[in-house]
Amino acid sequence: MNINFEKEAVEDLKRRKENFRAFARNLSPTEKIRQLELLQRRYYELLKAREENGGRKIPEKWRKWRDAQNI
Amino acid sequence: MEKGKSQLPSTNLGAVIDVLEEMQGAGIISNYAVGGAVAAILHSEAISTVDLDIFFFLAEPPKGLILSLEKIYDYARKNSFPFDKDFINIHGWLVQFVEASHSPLWTEAIETAETMTIDERTAKVIDREHLAAMWIFAGRKKDIRKIEMFDEAAIMDAKILYDVLSRFNLLDRWRLQQHNFSNEYQF
């Protein structure tokens, strides 16, 4: 019973991921760039949080990106 | 919400395209196209990247063996675009200028680039098959992953890809990696 439930949950997650990717691929070029800019901001926040919590330092490239954004 | 529109702020890539067109108009570069991960994104879906690769030709081809990008840096200085040895910061984008004239593959990639509309500007973007050939030549894990992404999206024309790979002697490199790709791309 539990195994079936987990299998269905994984299948559902895969389906949703594929649906999102299909949606992302069909966006206009401008919208894809907007998505990238959003992704960059989120990814930088993750890198910053990791560093602030004693993890690896923010890579040099991303520091340059932050400076370019005036964050 | 209407498809293709969002509440997100506008992108600055349009402003970068304006700068590239101005550089072309000023006789600094003769032709250019977007390559690398940003081109992959434009053809497929967003992946994480910080830099924007611009493959280009200098308007005055390099005379000797040493390539000088001084005219590009002069332009950056005049327009107050900060730069270091890796990137020029143009309106918040870390732009890497890659001079392409020494590579027949890169040259053809620029000459056959597609056009896309970004922020109401026309942008030249290297096509999928030339990008895949450039990535197979580079051969890094992240390059192979981008080809896998194109493969999953089924957006490469196998006939065109085979033609590009064979003309630029890249079939052997492709065959070393083709176990990563679907049946359509087994050459």
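**A walk around chain B**

Guide: In this predicted model, residues 24 or more positions apart account for 67% of the contacts in chain B with a separation of 6 or more.

Visitor: What elements is chain B built from?

Guide: Chain B has eight helices and six strands. Starting at the N terminus, their order reads α-β-α-β-α-β-β-α-β-β-α-α-α-α.

Visitor: How do you know that the radius of gyration of chain B agrees with a compact globule?

Guide: You set the value against the rule. A compact globule with 187 residues would have a radius of gyration near 16 Å, and chain B has 17 Å, so the two agree. As for its extent, the C-alpha trace spans about 55 × 50 × 25 Å along the principal axes.

Visitor: Why is H5(B) called mostly covered?

Guide: Count the buried residues. A residue is buried if 20 or more other C-beta atoms lie within 10 Å of its own, and nine of the eleven residues in H5(B) are buried. Among them are Arg128(B), Glu129(B), Leu131(B) and Trp135(B). In chain B as a whole, buried residues make up 35% of the 187.

Visitor: What do the buried residues of H5(B) pack against?

Guide: In chain B, they pack against strand E1 (29–35), helix H2 (36–43), H4, helix H6 (141–152), helix H7 (158–167) and helix H8 (171–177). Just after H5(B) you'll find Gly139(B), with a positive phi of about 70 degrees.

Visitor: How many residues does each chain put into the contact between A and B?

Guide: Chain A puts in 24 residues and chain B puts in 21. On the chain A side, the elements giving two or more residues are helix H1 (2–25), helix H2 (29–52) and helix H3 (60–69). H2(A) gives the most, with 13 residues. That side of chain A divides into eleven nonpolar, five polar and eight charged residues.

Key
Residues are numbered from 1 along each chain as its sequence is written. Chains are lettered from A and ligands numbered from 1 in the order in which they are written. This is a predicted model: local features need pLDDT of at least 70, side-chain atom pairs count only at pLDDT 80 or more; totals for chains, interfaces and linings use all residues. A residue is buried if 20 or more other C-beta atoms lie within 10 Å of its own, exposed if 12 or fewer, and partly exposed in between; C-beta atoms are placed from the backbone. Helices (H or I, at least four residues) and strands (E, at least two) are DSSP runs, numbered from the N terminus. Two residues are in contact if their C-beta atoms, placed from the backbone, lie within 7 Å. The radius of gyration is taken over C-alpha atoms; the globule rule is 2.2 Å times the number of residues to the power 0.38. Ala, Val, Leu, Ile, Met, Phe, Trp, Tyr, Cys and Pro count as nonpolar, Asp, Glu, Lys and Arg as charged, and the others, Gly among them, as polar.
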